[in-house]
Amino acid sequence: LKSQDRPSDAEEMLLGVLDIAGFEHFEKNSLEQLMINLSNEHLQAHFNKVVFQEELDESVEEGIPLPPDVGFSDNSQVLSLIAGRKGLCDILDETMTIPRNTAEAYV
């Protein structure tokens, strides 16, 4: 940033870049970044289902032989771990309702 673009006070500046696969690496990740990545993972799961799984299912229905190693990476277990019932988001939500709670209680 040019000096005139910088905040004059001690305000913290953060610049983050997001790629669609969610492989970015920041020194500091925020809850907001986790939610962005989670949304992207949901989009990727939908894309995988529509494009890959439905095509594989259709090929099997039509009797088209498929090599045994045909497949794709499925991220549904990661989505369940974070956003599923009793996943990390549910636990965080529950933890935050306890008065005078700390980050250590969540961990």
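**View 1. The salt bridge between E54 and K49**. Searching the whole structure turns up 1 salt bridge. The model shown is predicted. The partners are E54 and K49, and their closest N and O atoms are 3.6 Å apart. That distance counts because the cut-off for a salt bridge is 4 Å. E54 has a relative accessible area of 40%, so this residue is partly exposed.

**View 2. The aromatic pair of F47 and F52**. A search of the whole structure finds 1 aromatic pair. The ring centres of F47 and F52 lie 5.9 Å apart, and the ring planes meet at 85°, so the pair is edge-to-face. Planes over 60 degrees apart fall into that class. F47 is partly exposed, at 44% relative accessible area. F52 is also partly exposed, with a value of 36%.

**View 3. A patch of negative charge on the surface**. Which residues gather here in a patch of negative charge? They are E55, D57, E58, E61 and E62.

**View 4. E55, one of the residues in the negative patch**. E55 sits in helix 1, which spans residues 31-61. Its relative accessibility is 46%, so E55 counts as partly exposed. That value also meets the requirement for patch members, because they need over 30% relative accessible area.

Conventions:
Residues numbered from 1 in each chain as written. Predicted model: local features only at pLDDT ≥ 70, side-chain atom pairs only at ≥ 80, totals over all residues. Heavy atoms only, no water. Phe/Tyr/Trp six-rings, centres within 6.5 Å; stacked < 30°, edge-to-face > 60°. Buried < 20%, exposed > 50% of the residue type's maximum accessible area, 1.4 Å probe, protein only. Patch = residues over 30% accessible without salt bridge, like charges linked within 9 Å, V, L, I, M, F, W, Y side chains within 5 Å. Areas by Shrake-Rupley, 256 points an atom, 1.4 Å probe, with all protein chains shown as cover. Salt bridge = Lys/Arg side-chain N within 4 Å of Asp/Glu carboxyl O. Lys, Arg positive; Asp, Glu negative; His and termini not counted. Charge placed at Lys NZ, Arg CZ, Asp CG, Glu CD. Helix = DSSP H or I, 4+ residues; strand = E, 2+ residues; numbered from the N terminus.
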